[in-house]
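The report below is meant to be read beside the sequence and the coordinates.

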Amino acid sequence: MEVLELARTVRERDPAKPGRVEAILCYAGVHAVLWHRLSHALWRLGLRGLARFSSHLARMLTGIEIHPGARIGRRLFIDHGMGVVIGETAEVGDDVLIYHGVTLGGLSGQPGKRHPTVEDHVVIGAGAQVLGPIRIGHGARIGANAVVVNAVAPGCTVVGIPARPPKGSPCDDAGIGYGFKDVTEDPVGEQLAALRAELAALRGELERVKAAQGERV
């Protein structure tokens, strides 16, 4: 039964190592996946309204929103789960780990494929936004709060806004946690530092202009 498979996945991947009964009864990610199976089956039968109602109930009960049209593989583990959103044309492979606050969303309002395809064994950190009809390759790792708008190669780790591999980090380095080892590069910090430097330069230029105007007066 899938419920037992999901409970086993929780026990294997959650450091808290809950018992099987606890995993089944107390993990919103397990409930969300099981509800989605029902909603997706209704969607495939053409009962679109009933499928949306089912997924709406699941969202109220779990805090996780999975569109009934999304395709979800086996052993998906949504840890904590609150605020996770998975769009209609998203595809999620087997043995994927998703933390809370993650969005698999779209960038276009046009019909057709507009949400990401996430291959097997991907890890997506808390708060990450994966947007558009892009492909996240097998075993890739998405850092917490990253914004991903381009495809990620298999085995790669990406961090920051926009998401990119940390400098000097090989894509096949599994690392720890979300897939990071000793990441000293901070793409967001780099951008903030560049903005601060530009602001300081502009302030200096402004002071020079004011001084020149004062001399002419």
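This is a predicted model: local features need pLDDT of at least 70, side-chain atom pairs count only at pLDDT 80 or more; totals for chains, interfaces and linings use all residues.

Residues are numbered from 1 along each chain as its sequence is written, and side-chain values use heavy atoms, with hydrogens and water left out.

**Overall makeup**

The chain holds 5 helices and 14 strands, where helices (H or I, at least four residues) and strands (E, at least two) are DSSP runs numbered from the N terminus. Of its 217 residues, 41% are buried; buried means under 20% relative accessible area, exposed over 50%, and partly exposed in between, with a 1.4 Å probe and protein chains only. The accessible surface comes to about 11900 Å², and carbon and sulfur atoms own 58% of that area, as computed by the Shrake-Rupley method with a 1.4 Å probe, where for residues only the protein chains shown count as cover. Among contacts (heavy atoms within 4.5 Å) with a separation of 6 or more, 33% join residues 24 or more positions apart.

**Helices α1 and α3**

Helix α3 covers residues 28-44, and its 17 residues should span 24 Å at 1.5 Å a residue, which agrees with end C-alpha atoms that are 24 Å apart. The 12 residues of α1 should likewise span 16 Å, and the end C-alpha atoms of α1 are 16 Å apart, in agreement; the expected span is 1.5 Å times one less than the number of residues.

The buried residues of α1 are Glu2, Val3, Glu5, Leu6, Ala7, Thr9 and Val10, and they pack against α2, α3 and β3. In α3 the buried set includes Gly29, Val30, Ala32, Val33, His36 and Trp43, and the elements covering the buried residues of α3 include α1 (2-13), α2 (20-26), α4, β1, β2 (71-72) and β3 (77-78). Just after α3, glycine 46 takes a positive phi of about 90°.

**Pocket and cavity**

Rolling a probe the size of a water molecule over the atoms shows where empty space is left. On a 1 Å grid over the protein atoms alone, a cavity is a set of points where a 1.4 Å probe fits but cannot get out, a pocket is an open set with protein on both sides within 12 Å along at least five of seven lines, and lining residues have an atom within 4 Å of a point. Grid points are joined across faces, edges and corners, and a volume is the space filled by probe spheres set on the points.

A search of the whole structure finds 1 cavity of 30 Å³ or more.

Residues lining the largest cavity include Ala32, Trp35, His36, Ser55, Arg59, Glu65 and Ile66, with α3, α4 and β1 each supplying at least two residues.

**Backbone details**

Most residues other than glycine have a negative phi, and most peptide bonds are trans. Histidine 80, in the loop between β3 and β4, has a positive phi near 65° and counts as exposed at 57% relative accessibility. Leaving aside neighbours within four places in sequence, histidine 80 is in contact with Ala28 and His100.

Aspartate 95, in the loop between β5 (91-92) and β6 (97-98), also has a positive phi, of about 60°, but aspartate 95 is buried, with a relative accessible area of 17%. Isoleucine 161 and proline 162 are joined by a cis peptide bond with omega of about -10°, and proline 162 is found in the loop between β14 (157-158) and α5 (187-216).
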